[in-house]
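Have the sequence and the 3D view ready, and let's take a walk through this one together.

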Amino acid sequence: MKPVIALVGRPNVGKSTLFNRMTKSRDAIVADFAGLTRDRHYGDGKHAGRSFIVIDTGGFEPEKPTGIVAKMAEQTQAAVAEADVVIFVVDARAGLSAQDHDIARYLRTANKRALLAVNKAEGMVESPALAEFFELGMGEAHPVSAAHGQGIRSLLDAALDDFPEDEEDAEEGADAPIRLAVAGRPNVGKSTLINTWLGEERLVAFDMPGTTRDAISVPFERNGRRFELIDTAGLRRKGKVFEAIEKFSVVKTLQAIADAHVVVLLLDATQGVSDQDAHIAGYILESGRAVVVAVNKWDAVDSYQRQMFERSLEQRLAFLRFAEVLQISALKRQGLTPLWRAIGDAHRSATTKMPTPQLTRLLHEAVEHQQPKRSGMFRPKLRYAHQGGMNPPIVVIHGNALEHVTEAYKRYLEARFRAHFKLVGTPMRIEMRSSK
Ligand code: GDP
Ligand code: GDP
């Protein structure tokens, strides 16, 4: 599970700037779950081979000034509760304030590992001004400049010190369990689906030796295929039985998505596709996970509502067009067999092996069928292709002047590779590597 870092501190100390700095990787994504979490922002970062989630409480603008302190405390406490490590940000130029002392006092009682980052410290590394922050009793101060990118690396070294590097996941055996997560906003029916699954007679829970995951996950077997269900719904173990209890957690959802092979994105047919659904879908896509869209509560909608739902799906989740969409009723146990089939197909697609000779042949056929456009003096020359990774499948194309290959042409190539390898339910990436 990805470690979670929370940024706390009073307004204007530079938390948002630091957040942007920490998530400034190729895979950075800011998922906003407005309404659910007020103004907490969640982003992905990676540092020294370690992926992490960072929560910022900075974007928060209270409506009434009188509420500031209370609201901020609420945000801070919620972020701290979700975090493994807290970075407490103070302002080197403004110096210490009463609010800083309040936050420090709170953090000392919160029982979380906390680091002190003294921001806006560009050009102040040896400055005696930094000494005053020892007063906070937070231990060593880390001088940083979020705006100038100074000191960030050593701050992250310290924050992530205790966490292992990301595991290499490529060479899992063909019969390794499929890690499965059910993601969706509150009330779409996650718990109902999970309980229905776990109550299915064809599903056999088994004890998996050597499971080291901290988060609860349920191993089970279905028709000879092993699965591991990652908790997003608040699973609780009752003796040998698991039970899903509804408690939505953004962090759990994000971690589970990152950790899964296949994500079932659960939607509610009676509600249409909401902003929150689209945010979760966007995060799944950014994470490169295989995904199956399950439209739940299909039993409860009439034909007009069904049409309306299809339309909102088309409008709002167009970017997940590669995913299969299935209508189900978790409550009435309808559509579950096709759902298992789709999960299996998505997993197979995400982990397909694409041998270099075959990819290269497909590439040549595609180019023969339709040449890439010339760009000024350059005509891209696509020579050969190899697989750069799986889950999601990555095709790396080698050749010359490849920076002139258009997005439209990449989509054309992707469609040809997809059709040949029958890839459904997984995003796919095409990377170009020009040789000089
Ligand atoms: P937040 O309210 O804590 O999220 O703070 P912001 O990230 O919005 O930053 C508040 C102000 O401080 C902005 O004007 C930033 O440009 C400025 N700021 C942020 N980091 C630095 C820094 O490292 N050095 C300086 N001099 N200014 C900074
Ligand atoms: P969660 O918050 O996503 O875990 O959602 P729950 O599983 O707690 O379900 C929320 C509500 O939707 C409950 O009242 C369920 O009985 C209801 N529900 C779940 N699945 C279905 C379904 O397939 N059809 C109908 N009609 N209601 C459902």
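Here is a short tour of the cores, a helix pair and a ligand's surroundings.

First, some housekeeping: this is a predicted model, in which local features need pLDDT of at least 70, side-chain atom pairs count only at pLDDT 80 or more, and totals for chains, interfaces and linings use all residues. Residues are numbered from 1 along each chain as its sequence is written, while chains are lettered from A and ligands numbered from 1 in the order in which they are written.

Let's start inside. The largest nonpolar core has 93 residues, and Phe88, Leu265 and Val292 have the most contacts within it. (A nonpolar core means buried Ala, Val, Leu, Ile, Met, Phe, Trp, Tyr and Cys residues joined through C-beta atoms within 7 Å; buried means 20 or more other C-beta atoms within 10 Å of a residue's own, with C-beta atoms placed from the backbone.) A second, separate core has twelve residues, including Leu382 and Met428.

Now for two helices, which are DSSP runs of H or I with at least four residues, numbered from the N terminus.

| Helix | Residues | Residues making the contact |
|---|---|---|
| α6 | 250-259 | Thr253, Leu254, Ile257 and Ala258 |
| α7 | 275-287 | Ile280, Tyr283, Ile284 and Ser287 |

Contact here means C-beta atoms, placed from the backbone, within 7 Å. The axes of α6 and α7 come within 9 Å and cross at roughly 35 degrees; axes are lines fitted to C-alpha atoms over the stretch in contact, with angles from 0 to 180 degrees between N-to-C directions.

Which residues are closest to ligand 2? Among the 17 that surround ligand 2, they are Gly189, Lys190, Ser191, Thr192 and Leu331, where a residue counts if its C-beta atom, placed from the backbone, lies within 6 Å. Helix α5 (residues 190-199) gives the largest share of that shell, three residues.

Key
Contact = placed C-beta atoms within 7 Å.
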